[in-house]
Amino acid sequence: MKSILIDDEVMAIEILKKLCSKVKELEVVATFSNAIDAIKYLNSNQVDLIFLDIHMPDFSGFDFVKTLKNPTNVVVTTSEKDFALEAFEHDFIIDFLVKPLSKSRFIKAIQKTKIQREVPQLKNDFSEENTLLDVLYANVNRRLIKIDIPSINLVEANGDYINVKTSKKNYVIHSTLKKIENKLPSNLFVKVHRSYLINIKKIIDIQDNSVLIEKEIIPVSRINKPELLRRLNLL
Amino acid sequence: MEKANLSYLKKLAAGDLDFEEKIIVFIKLEFPQEKKRYQKHFESKEFTKAAADVHKIKHKISVLDLKKNHNLATQHEQNLKNSNTDLASEFDAVLEGMTAFINQL
């Protein structure tokens with residue numbers, strides 16, 4: 001796998017080079033101290049994997065990812081684990097390594113990359129089906145309203161009704177938490193309390209027995225907390 | 001006070017002394033520059049830039065295995081983003097401790 005390394009810290013580049021040297025399939029073809037030079041390089045060169053520092057002056061790693069045109073796997077490296085959730089919003093980012101990098105965690109990221117490289121065809125085959133699965137039709141005031149599933153932040157039980165909350169709109173639907181739980185993708189939604197289902201991707205932070213989703217603090221019950229933690233990409 | 005050490009570096013190097021030496025050279029080269037940049041931004045009250053400098057220094061802090069100081073730096077970085085300088089003295093002490101350690105490498 002042809003790889004490039006982007007980090008404005010020379011020490012970080014050297015550590016990455018050392019780790020890459022331990023994986024025989026990896027070939028570091030170039031290193032860059034800023035994202036702009038990497039963009040110029042990628043305009044005329046194709047690589048399989050990019051190790052990218054998020055926190056760089058002038059042009060951040062996230063800005064860089066937005067410029068990527070060809071599907072390229074990106075592994076983010078940063079000293080800040082709070083960037084993890086934002087990182088996974090980007091399609092190309094397949095893993096997130098917190099500095100200082102460890103060999104075992106680095107190897108795991110490479111394994112993820114290998115798996116990712118093997119499944120693109122599979123992803124295409126299912127893309128149409130996935131589009132249909134991404135929406136939910138719910139009866140709201142006698143109309144079937146289309147709700148985009150990934151946009152759902154959380155679902156709250158409220159007596160005979162449920163509140164489906166998205167960033168833009170809330171829907172009050174005559175249904176139960178159990179019913180909607182069965183309709184939502186289990187890889188995206190997790191029950192954190194008898195009255196709450198949450199979208200894992202929308203979690204901003206977790207503190208003690210609550211999670212923050214947008215500006216809303218959602219309780220996490222003792223019974224549901226282990227499952228929530230199991231589903232997160234914890235270090 | 002937490003003491004810096006090279007255990008992370010030695011584990012990563014796994015006996016590769018050239019690599020160890022190379023990283024130490026880069027620490028000696030980059031850390032004083034990062035520290036100077038932070039102090040300049042802090043003194044001129046450019047706290048957002050100072051926070052970014054602290055973020056950069058955090059990697060050196062973690063490479064020198066200073067876990068508690070890393071937490072302090074994270075808090076100081078967050079504070080600076082809100083122009084709060086409460087942890088400045090404590091962070092200065094961390095920088096001085098690192099400087100002393102790096103100078104004797």
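Visitor: How many bridges join strand β8 of chain A to strand β9 of chain A?
Guide: 6 bridges join β8 (residues 152-158) of chain A to β9 (residues 161-166) of chain A, and the two run antiparallel. Strands pair if DSSP finds at least two bridges between them. Strands (E, at least two residues) and helices (H or I, at least four residues) are DSSP runs, numbered from the N terminus. This is a predicted model: local features need pLDDT of at least 70, side-chain atom pairs count only at pLDDT 80 or more, and totals for chains, interfaces and linings use all residues. Residues are numbered from 1 along each chain as its sequence is written, while chains are lettered from A and ligands numbered from 1 in the order in which they are written.

Visitor: What stands opposite A:Ala157?
Guide: A:Ile162 in β9(A).

Visitor: And what order do the strands of the open sheet have?
Guide: The order is β10-β9-β8-β12-β11 in chain A, 5 strands with antiparallel pairing. β10 (170-173) and β11 (189-193) of chain A are the edge strands, each pairing on one side only.

Visitor: New topic. Which residues of α4(B) meet α5(B)?
Guide: B:Asn69, B:Leu72, B:Ala73 and B:His76 in α4(B) meet B:Glu90, B:Phe91 and B:Val94 in α5(B). Contact here puts C-beta atoms, placed from the backbone, within 7 Å.

Visitor: At what angle do the axes of those helices cross?
Guide: Roughly 135°, and the axes of α4 (residues 67-81) and α5 (residues 88-103) of chain B come within 10 Å. Axes are lines fitted to C-alpha atoms, for helices over the stretch in contact, and angles run from 0 to 180 degrees between N-to-C directions.

Definitions and conventions:
Contact = placed C-beta atoms within 7 Å.
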